Amino acid sequence: MAERRAFVTGHPIAHSRSPKIHGHWLAQYGIDGSYQAIDVALADFARFLKSIGAGGYRGGNVTIPHKEAAFAGVARRDHAAEQIGAVNTLWLEDGVLWGGNTDGHGFAANLDDHAPGWAANGPAVVLGAGGASRAVIHALKQRGIGDIRIVNRTLARAQELADRFGAGVSAHGAGAVGELLSDAGLLVNTTALGMHGNEALAADPAGLPGHAIVTDIVYMPLETPLLAAARTRGLKTVDGLGMLLHQAVPGFELWFGQKPEVTPELRRIIVADIEAH
Ligand code: ATR
């Protein structure tokens with residue numbers, strides 16, 4: 001059988017960790033396949049989508065800034081992509097180009113790994129109302145969390161998301177966060193606050209009950225200021241790296257026919273890569 005081929009495309013793409021993740025799995029399972037980073041400029045993306053089959057690819061991942069263009073450009077979309085409004089995974093099925101979104105799956109699977117039972121812990125507070133927040137809210141709804149509170153600097157963006165996701169999802173400005181945390185079971189940061197060189201905390205985990213879980217989808221640094229503050233307070237914390245690893249699983253299975261495992265060894269490899277850069 002011919003080599004199975006997949007890709008990740010974005011612009012820029014050089015810093016993507018996806019080739020390391022998929023390359024590790026290809027070697028681990030002894031699969032005759034390749035996974036290649038392809039830089040595609042915005043203006044060329046529509047043409048790139050049409051060339052996937054002819055290029056011998058079974059599919060691939062899509063990252064910034066192409067996730068919305070991929071959503072618009074595929075022939076069919078899965079339920080998660082429809083809900084999130086963005087596509088991060090492409091695959092060909094009988095010549096038809098499908099688009100899915102595995103970010104919400106990655107988010108939930110990371111918590112399943114590191115905080116089992118998390119979905120039964122009570123109301124969730126989500127900081128941020130951008131693309132990443134949509135994937136998180138989709139996952140929270142899928143797991144049956146009935147009280148999801150979006151907190152955002154710009155209230156109108158939070159309100160847009162609350163309207164989009166409907167019952168059980170509410171929108172709040174930053175000033176309300178203290179009160180919203182007081183009975184929450186889960187706090188999720190989806191904003192860039194807490195990345196290297198970034199400024200103050202949007203929410204103080206000291207206001208959470210003792211049983212609350214705190215997670216950040218930012219994984220550089222691995223322990224963000226929010227996670228550090230939560231740990232000091234004695235709360236359960238989960239870093240964002242597992243979301244990156246788990247979002248890769250469904251694509252690998254689709255293209256290469258093997259469901260891969262997220263192992264401590266894979267995590268160590270990617271942590272070393274992050275620390276080296
Ligand atoms: P992503 O796709 O990564 O979620 P995004 O769509 O640009 O990125 O969304 C960024 C989120 O971080 C938004 O919720 C943004 O708040 P606004 O909607 O008010 O812009 C939030 N954010 C970014 N910088 C921020 C800051 N300095 N203070 C508070 N919130 C910030």
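**Entry 1: helix α1.** I began with helix α1, residues 18-28, where I found Ser 18, Ile 21, His 22, His 24, Trp 25 and Leu 26 to be buried. I note that I am working with a predicted model. I then asked which elements cover the buried residues of α1. Among them are the strands β1 (4-10), β2 (33-39) and β3 (57-62), together with the helices α10 (241-247), α11 (249-256) and α12 (264-276). Just after α1, I recorded a positive phi of about 60° at Gly 30.

**Entry 2: the nonpolar cores.** I recalled that nonpolar side chains tend to be buried together in soluble globular proteins. The largest nonpolar core here has 27 residues. Phe 107, Trp 118, Ile 137, Leu 140, Ile 150 and Leu 186 have the most contacts inside this core. Two or more residues each come from the helices α5 (103-114), α6 (131-142) and α7 (155-165), and from the strands β7 (124-127), β8 (148-152), β9 (169-173) and β10 (186-189). Apart from this core I found another, of 22 residues, which includes Ala 6, Val 8, Leu 245 and Phe 256.

**Entry 3: Ile 150.** I set aside the neighbours of Ile 150 within four places in sequence and listed its other contacts. Among them are Val 126, Ile 137, Ala 158, Leu 161, Val 169 and His 172.

**Entry 4: α6 against α7.** How do the axes of α6 and α7 cross, and at what angle? They come within 11 Å and cross at roughly 35°, and the crossing is right-handed. From α6, Ser 133, Arg 134, Ile 137, His 138 and Lys 141 meet Leu 161, Arg 164 and Phe 165 of α7. By class, I counted three nonpolar, two polar and three charged residues in this contact.

Methods. Residues numbered from 1 in each chain as written. Predicted model: local features only at pLDDT ≥ 70, side-chain atom pairs only at ≥ 80, totals over all residues. Heavy atoms only, no water. Core = buried A, V, L, I, M, F, W, Y, C linked by side-chain atoms within 4.5 Å. Buried < 20%, exposed > 50% of the residue type's maximum accessible area, 1.4 Å probe, protein only. Helix = DSSP H or I, 4+ residues; strand = E, 2+ residues; numbered from the N terminus. Contact = heavy atoms within 4.5 Å. Axes fitted to C-alpha atoms, helices over the stretch in contact; angles between N-to-C directions. Left-handed = near helix turned anticlockwise from the far one by under 90°. Nonpolar A, V, L, I, M, F, W, Y, C, P; charged D, E, K, R; others polar.
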